[in-house]
Amino acid sequence: MAAHAVRLVPGAEPSAAVRVAEAGDDLELGVKLALRYPAPVRTAAADVRRHVTEEVERITGYRVRSVAVTVSALSAETRPRVV
C-alpha cells in the first residue's frame, strides 16, 4: 500500500522499499526510494510523505505518526537511441 502510494509521486522510481513499525494504532514508516534526475529531492520527499500518510491512513484506519524518507539514488532518464 505504501509502496503503491510512492509510485503516485512524480519523479519517484517504482521500486521503493518500505519499513513499518507498529505501536498500537500508530504506525511509523520508512521509505527508501530512487528519484529520476533532475527531480527536486526536497519536494519529492515531501510529496512521498504526504501521499503515503494519506493512503495508509485512508485504507487501514491506522494513524501514521511519521514517514522517514531516504533518497538512495538519482536515476538518469534513459532516452531511446536513434541509430
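In β2, A17 has K32 as its bridge partner. This is a predicted model, in which local features need pLDDT of at least 70 and side-chain atom pairs count only at pLDDT 80 or more, while totals for chains, interfaces and linings use all residues. Residues are numbered from 1 along each chain as its sequence is written, and side-chain values use heavy atoms, with hydrogens and water left out.

Q: In which sense do β1 and β2 pair, and over how many bridges?
A: Strands (E, at least two residues) are DSSP runs numbered from the N terminus, and two strands pair if DSSP finds at least two bridges between them. For β1 and β2 the sense is antiparallel, over 7 bridges.

Q: Which strands stand at the edges of the sheet?
A: The open sheet has 3 strands in the order β1-β2-β3, with mixed pairing. Two of them have a single partner strand each, so one side of each is left without a neighbour in the sheet; these are β1 (17-23) and β3.

Q: Is H51 buried or exposed?
A: H51 is found in helix α2; helices (H or I) are DSSP runs of at least four residues. Its relative accessible area is 18%. Because buried means under 20% relative accessible area and exposed over 50% (1.4 Å probe, protein chains only), H51 is buried.

Q: With which residues is V67 in contact, leaving aside its neighbours within four places in sequence?
A: Contact means heavy atoms within 4.5 Å. On that basis, leaving aside neighbours within four places in sequence, the partners of V67 are L29, V31, R49, V52 and T53.
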